[in-house]
Amino acid sequence: MMNVKGLLIGCAFVVAFATAARAQSLPKIRAAYTSIGIQFDPVYIMKELDLPRKHGVDAEILFVAVSSRAVQAALAGEIQFITSAGVANINANVSGGDFVGLPATLNTFVFKILASPEIKKPEMLKGKKVGISRLGGASDFSIRYALNRWGLVPDKDVAIIQVGGEQEEFLALQNKAVDAVVLSEPFATLAQRQGSTIVADLSQLGVAYSMHGFGARRSFIQANRDVTVRFMKAYLEGIYVFKTNKDLALNVLKKYTRLDDLSLVQVAYDEMSQRLIRRVPYPDREGIQTIIDQLAKTRPQMKNLNPGDFIDPSILKEIEDSGFIRKLYGN
């Protein structure tokens with residue numbers, strides 16, 4: 001008669017071996033997020049819950065603070081997916097890259113302009129210094145767009161100063177190294193609580209602008225479509241958790257922003273989860289066209305670019321058509 005204990009041990013060994021073998025066989029990718037803010041919370045959630053593994057991908061999700069550095073790593077094949085505003089993809093492609101946006105997590109500006117208390121209106125920025133995260137990034141693009149709209153000339157009427165990430169911007173404003181800064185939440189509310197004034201909320205401009213979705217090289221997608229679909233399913237599930245589990249979403253955000261006061265993001269969370277971040281955030285031609293038009297003001301050769309060359313909505317459409325989103329939300 002077979003030894004039952006030995007059989008159980010043998011079965012356990014087989015299961016453990018099969019599990020390990022499956023883990024080893026998962027395709028490995030690297031993804032990078034390039035900023036800290038509430039709009040990135042679905043990325044932090046997918047990392048914390050290891051959602052890519054749930055969908056059959058072994059993903060290392062890294063923080064790379066500079067978009068241009070993440071783009072260079074992607075061009076070298078070291079990173080496969082990067083969260084970058086459309087402006088970074090366009091600039092890279094003009095230089096020979098082949099990036100496309102898969103989702104566009106946000107389709108308008110989310111930044112606020114915070115300033116010293118004496119600066120209360122946009123026109124009062126003339127002759128002042130405005131701090132941004134990095135030249136060529138989303139905050140840089142946003143303030144230049146807004147200044148042009150307000151009749152102010154960037155780098156002439158208003159000095160634009162690169163100071164680092166949003167934490168560094170907040171500190172630069174507090175230390176009076178700059179007169180104003182471009183911040184998203186929760187740092188915008190934090191600055192306001194410290195006495196700064198909101199000069200403008202750029203989300204109220206109603207401008208189509210593609211921002212902070214994952215991008216990838218078209219050549220990678222063509223060679224690894226199944227992996228791309230799986231990774232995007234993980235991201236869409238991250239959005240689902242963000243929208244439906246407020247406690248988890250805020251606690252994850254607290255960890256990544258290193259801010260203990262969750263009241264800083266309560267209002268911003270409600271706006272993001274209900275209005276700004278969509279269930280299926282398709283990349284938008286109009287949002288890319290906004291970027292092209294703005295860039296063409298200083299580089300006329302860009303005005304004839306086709307916005308469709310910088311997005312690939314087919315991945316999200318394939319996922320939505322499969323019923324994956326309906327199953328997630330139950331409707």
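Guide: Two residues are said to be in contact when heavy atoms of theirs lie within 4.5 Å. The model discussed here is predicted. With that meaning of contact, let us begin with Thr228. Leaving aside residues up to four places away in sequence, Thr228 touches Phe81, Leu102, Phe220, Ile221 and Ile315. Thr228 itself belongs to helix α10, which covers residues 225-244. Is Thr228 buried or exposed? Thr228 counts as buried, because its relative accessibility is 0%, and the cut-off for a buried residue is under 20%. The side chain of Thr228 also has a polar atom that lies 2.9 Å from the backbone oxygen of Asn224.

Let us now turn to charged side chains. Side chains of opposite charge can pair when their charged atoms come close. In the whole structure, a search finds 17 salt bridges. One of them joins the side chains of Asp58 and Lys28, with an N to O distance of 2.6 Å. This pair links distant parts of the chain, since Asp58 is in strand β2 (residues 58-63) and Lys28 is in strand β1 (residues 28-33), 30 residues apart. The two partners can also be described by their accessibility. Asp58 counts as buried because its relative accessibility is 16%, whereas Lys28 is exposed because its relative accessible area is 60%.

Asp58 has a further partner. Asp58 forms a salt bridge with Arg53, and here the closest N and O atoms are 3.1 Å apart. Arg53 in turn meets Asp50 through their side chains in a salt bridge of 3.0 Å, N to O. How exposed are Arg53 and Asp50? Arg53 counts as partly exposed because its relative accessibility is 31%; Asp50 is also partly exposed, with a relative accessible area of 30%.

These pairs may now be put together. Lys28, Asp50, Arg53 and Asp58 are linked in a network of salt bridges.

Terms used:
Residues numbered from 1 in each chain as written. Predicted model: local features only at pLDDT ≥ 70, side-chain atom pairs only at ≥ 80, totals over all residues. Heavy atoms only, no water. Helix = DSSP H or I, 4+ residues; strand = E, 2+ residues; numbered from the N terminus. Buried < 20%, exposed > 50% of the residue type's maximum accessible area, 1.4 Å probe, protein only. Polar contact = N/O pair within 3.5 Å; in protein donor to acceptor, adjacent residues only side chain to side chain. Salt bridge = Lys/Arg side-chain N within 4 Å of Asp/Glu carboxyl O.
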